[in-house]
Amino acid sequence: MSDFERIKTNIESVRGDMKAYPKARLCAVIKNRTPEEIRYAIDSCGVTLFGENRVQEFLSHEPYLSGAEVHFIGTLQKNKVKYLVGKVSMIESVDSVSLAQEISRRSEKTGVITDILCEVNTGREQQKGGFLPEELSAVLEEISKMKNLRLCGLMAVTPVTDSSDEKRGYFALLARLKTENERYFSGDAILSMGMSGSYPEALAEGADIIRIGTGIFGERKQII
């Protein structure tokens, strides 16, 4: 089986798992992927949503993403916001009030409204960004008032564990936080959660977006 055939088989497998959850969307994560892989996913597999982890890589991939929706899902420095505003459909990884303020400021300057998700540190991991569950309501209230932002929901990068019950616990927490804070969101709130090793549990707990990289493309190729 060729690399491209494997990509198609993997996408079909994930989509098969998603059949019971028709509202969920597949976000193909393209960190360290080649232009050829990206275009194959679009042209031959019908993938419409992609996730980018790095600003530099998004800028290099951008010419090959024509016709697709792009979400930024990685850690974002405030000095790089200007490269994304008006170009990506959503910034999912808003992990501080100051970052939200900068996105709002740049969006106003550019004349756009930027869709965002707030990242929650469901596992309280020190090495990861995101808001703690107990501070989320106050943060959402503040961010929801910012000009030129559309607060669309929540995102999480949950701890790695082999326990299906633990995975579901983290996703259930995010779903509960969404329900508790519905008043701050614009429209139906989005939950972006679940990756290659945890998306079945995320779907079961109400994921609207699952972010799959290795589970589609295989191990990452260092191209940058």
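This note sets out numbered points on a predicted model.

1. The nonpolar core. The largest nonpolar core holds 62 residues, and those touching the most other members are Phe50, Ile103, Ile143, Leu154 and Ile210. Helix H6, which spans residues 164–180, gives the most to this core, with five residues. Apart from it lies another core of six residues, including Ile73, Met90, Leu117 and Met155. As general background, nonpolar side chains tend to be buried together in soluble globular proteins.

2. Isoleucine 103. Leaving aside neighbours within four places in sequence, isoleucine 103 is in contact with Val81, Val85, Ile91, Val94, Thr114, Ile116 and Leu149. Isoleucine 103 is also one of the buried residues of helix H4.

3. Helix H4. This helix runs over residues 97–110 and has 14 residues. From its first C-alpha to its last, H4 reaches 20 Å, close to the 20 Å expected at 1.5 Å a residue. Its buried residues are Val97, Leu99, Ala100, Glu102, Ile103, Ser104, Arg106 and Ser107. The elements that cover them include strand E4 (90–94), strand E5 (114–119), helix H5 (136–143) and strand E6 (149–155). Just after H4, glycine 111 takes a positive phi of about 80 degrees.

4. Asparagine 148. Where does asparagine 148 have its place? It is in the loop between H5 and E6. With a relative accessible area of 16%, asparagine 148 counts as buried, because the cut-off for that class is under 20%. Not counting residues up to four places away in sequence, asparagine 148 touches Ser104, Ser107, Glu108, Val112, Ile113 and Thr114. Of these, Ser104 and Ser107 are among the buried residues of H4. The side chain of asparagine 148 also reaches the backbone oxygen of valine 112, at 3.0 Å.

5. The aromatic pair. How many aromatic pairs does the structure hold? It holds one. Phenylalanine 4 and tyrosine 40 form this pair, which is tilted, with 4.9 Å centre to centre and 35 degrees between the planes. Phenylalanine 4 lies in helix H1 (residues 3–18) and tyrosine 40 in helix H2 (residues 35–43), so the pair ties together parts that are 36 residues apart in sequence.

6. Is tyrosine 40 buried or exposed? Tyrosine 40 has a relative accessible area of 17% and is therefore buried. Phenylalanine 4, at 34% relative accessibility, counts as partly exposed, because that class lies between the 20% and 50% limits.

Methods
Residues are numbered from 1 along each chain as its sequence is written. This is a predicted model: local features need pLDDT of at least 70, side-chain atom pairs count only at pLDDT 80 or more; totals for chains, interfaces and linings use all residues. Side-chain values use heavy atoms; hydrogens and water are left out. A nonpolar core is a set of buried Ala, Val, Leu, Ile, Met, Phe, Trp, Tyr and Cys residues joined through side-chain atoms within 4.5 Å. Buried means under 20% relative accessible area, exposed over 50%, partly exposed in between (1.4 Å probe, protein chains only). Helices (H or I, at least four residues) and strands (E, at least two) are DSSP runs, numbered from the N terminus. Contact means heavy atoms within 4.5 Å. The expected span of a helix is 1.5 Å times one less than its number of residues. Rings of Phe, Tyr and Trp (its six-membered ring) pair if their centres lie within 6.5 Å; planes under 30 degrees apart count as stacked, over 60 as edge-to-face and the rest as tilted. A polar contact is a pair of N or O atoms within 3.5 Å; within protein, one must be able to donate a hydrogen and the other to accept it, and residues adjacent in sequence count only if both atoms are side-chain atoms.
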